[in-house]
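Please open the structure in your viewer and keep the sequence panel beside it. The tour below moves from one selection to the next and says what is there at each stop.

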Amino acid sequence: MSGARSLMVALEKEGANIVFGLPGGANLPIYDELYKSNIRHILVRHEQSASHMADGFGRVSRRPGVCFATSGPGATNIVTGIATAQADSSPMIAVTGQVPTKMIGRDAFQESDIIGISNPIVKYAFQPMTAAEVPEVVKKAFYISSTGRPGPVLIDIPKDVQQNEAEVTFPSEVKIRGYHPWIDPDIKEIERAIDMLLASEKPVILAGGGVIISGAFAELQSIAELLMIPVVTTFKGKGSFPENHPLSLGPIGMHGHAEANKIMVEADCVLACGSRFSDRSVGTFEEFERNLKIIHMDVDPAEIGKNQTTHIAVVGDIKASLRIMVKMLIQKAIKRAGDNPWLKRVNETREYFRQNLKLHSHPLGAAKVLRKLREVLPSQSIVTTEVGQHQMWASLFFDVIHPGTFFSSTGLGTMGWGFPAAIGAKAARPDVPVVDIAGEGSFNMTENSLAVSVLDDLPVIVFLLNNFSLGMVAQWQRTFYDRRMIGIDLKNCPDYVKLAESYGAQGIRAQSIDEIGKAVQTALKSNIATVIDIPIDPQEDVLPFVAPGTSLKDMILPS
Amino acid sequence: MWSIISVLVENKPGVLFKVTNLFRSRNYNIDSISVGITENPEFSRMTITTSADEKQLNQIIKQLDKMIDTVEVKLLDEKKSIYRELVLMKIKITKPSDIMEITDLSNAFKCNVHDVRKSSIIVEITATPDRINAFEDLVKGYGILEIARTGMCALERGVGNES
Ligand SMILES: Cc1ncc(C[n+]2csc(CCOP(=O)(O)OP(=O)(O)O)c2C)c(N)n1
Ligand SMILES: [Mg+2]
């Protein structure tokens, strides 16, 4: 069969039943086979959105999402999506068309060296040079993308390889000698970790994105409850632990919860699960690890000691490691009581900030707006965000109750990610409402995906916190550049209600907390793509704030 | 101080690019790199020398290990390995007696002398960096016209634990 046909068969064998993409000259043979196959195609309006949709699909379903793009500009258009997936360890398969093998290297029309361009931002890249290689390449691509620390894999297929006929067999298993994703956690180290936690006076658990990727929610909760240890998260780990749980303190970091940052700084021992200690989470590396015993669990050995000095390291899948820990705790009948001075301090701190943290007084202050959304949105709904102030407000004021339902571009911080990712999430979970908490600057970047949301029956709600500006940049200019405001003004353009309507979606302007509640309910009931345009105060800052290059203890609070 | 890393990789196109790109993108430094096919044509061996501190060296090794095209990554212990570099040096000849002197020095360093001409001579030295530096110091006075070096090449002594 042809290389293109092999690709389709191999994709079907991997269980891929949907691809996001846009055709062009160099991938037409693939599209011709897509036409004949049972795989659903979602036609995007810009390839970047196809890659974000595949990413959103992958994060929610925890198996690789697939996107297609043609050679040259099609391939370069998905670069941002690949980098975003890599930064957040999201499983994805990107299939690009390439000029015919004989034309490679001759600066052919729409030739771009996507293998070279993408090298630092993929987990792996394949360029099959014969049709016979295609089945094994696809099998390996899914294997690499979805195992160990997940990530994007690129398959760049020259046009003649798509067209050529070859006798093929589809391997049911592949082995790659330089790739060993399954590492058994070291039981002795887990035992030592328990001892260290028990010996410490002020322990915390820091839950990172790895908990969500491995779905270790129940294990994490068991450990926290058995040992009565408070849980902070990274921003990517937000919602790995129910944020209404009495042991929850929420995310730490640049715009972390005040109580989380405060308690993190006071802690003497941390059990970090699937966190890479990013600068946005921990502030300055040297200050963070001062007087802190670090137990680091991660699936990626290269993360151990990269940013922080660790005292105990457990390499392996987070779910597997935590499960062993739970078993040990139960076997040894270890259960700590909750009435110790540390937990008392934790609860007092939380209570103090609940009572005393000043919130923005504007009638549509971010806290009021997002708490209203939380109130009306069913708890199992999936939420994505764009990038900017609204994203950080979502982190501060939108509590995730149901673990693993919150997704954001946390590593790369890609504006325009949230909306297409929400559409991809909806494709993976059509049974639950999906909301993109958006800023209008970000939404502008991929708003043409409204066409997809409407026409492909993947209705999502865009909850637009409209401050008529690139608000996060404006905040930095107010804070660090003496109010020299440049390049941030978006005025009120376009009119998002009309924009939505012109795509056949629903547009609602909500100008009070009450109207916001009603608008969300309307959107939920109608089940059609909806943009809820909420004019908020352009002057509101995101606080607390840990300025870049400073440490968590230097957190700036609202005055 | 430099360290020697020996990396067994898949012998296929693009792997050298990926390894060097890893060093570049993570801001590590390569002092020298040599690559060649091994006894098994499916593998190549890269010998990389780098002057990194211990923490960075640790990261380099882990990041190399993480690469899917690397099959084995080893930090070599100098005392338990044989390591050599081959250097070709073109040295200036000013007066006829220079030729004799340089040839004598070369013999003392077990170098081969090639391409003896009126105005230049090429010496081939295969040695450890210390000896190469010592030789270079001694012939500097004549005037070194050009140098080409292969980069370090290294193997662990013995088999398994016997090193
Ligand atoms: C693609 C991209 N370009 C630029 C930035 C830098 N940036 C970070 S936040 C931000 C402003 C985002 O504006 P908006 O989506 O309206 O969110 P707001 O901060 O106003 O809530 C910008 C420009 C980015 N993160 N991503
Ligand atoms: Mg804005």
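Begin by selecting S118(A), which is found in helix α6 (residues 114-118) of chain A; helices here are DSSP runs of H or I with at least four residues, strands are runs of E with at least two, and both are numbered from the N terminus. This is a predicted model, in which local features need pLDDT of at least 70 and side-chain atom pairs count only at pLDDT 80 or more, while totals for chains, interfaces and linings use all residues. Residues are numbered from 1 along each chain as its sequence is written, chains are lettered from A and ligands numbered from 1 in the order in which they are written, and side-chain values use heavy atoms, with hydrogens and water left out.

S118(A) counts as buried because its relative accessibility is 0%, where buried means under 20% relative accessible area, exposed over 50%, and partly exposed in between, with a 1.4 Å probe and protein chains only. Its side chain reaches the backbone oxygen of I115(A) at 3.5 Å.

Next, select helix α11 (residues 217-227) of chain A, where F217(A), E219(A), L220(A), I223(A), A224(A), L226(A) and L227(A) are buried. Among the elements that cover these buried residues are α9 (187-199), β7 (203-207) and α15 (318-331) of chain A.

Move on to E287(A), which lies in helix α14 (residues 285-289) of chain A and counts as partly exposed because its relative accessibility is 23%. Leaving aside residues up to four places away in sequence, E287(A) touches S551(A) and K553(A), contact meaning heavy atoms within 4.5 Å. The C-alpha atoms of E287(A) and K553(A) are separated by 8.9 Å, although the two residues are 266 residues apart along the chain.

Finally, turn to the second largest pocket. Which residues are the closest to its centre? Of the 18 residues that line the second largest pocket, these are H257(A), E259(A), R354(A), R371(A) and L396(A); a pocket is an open set of points on a 1 Å grid over the protein atoms alone, where a 1.4 Å probe fits, with protein on both sides within 12 Å along at least five of seven lines, and lining residues have an atom within 4 Å of a point. The second largest pocket lies between domain 2 (187-355) and domain 3 (366-543) of chain A, because both give residues to its lining; the domain bounds come from an automatic or database domain assignment.

Notes:
Polar contact = N/O pair within 3.5 Å; in protein donor to acceptor, adjacent residues only side chain to side chain.
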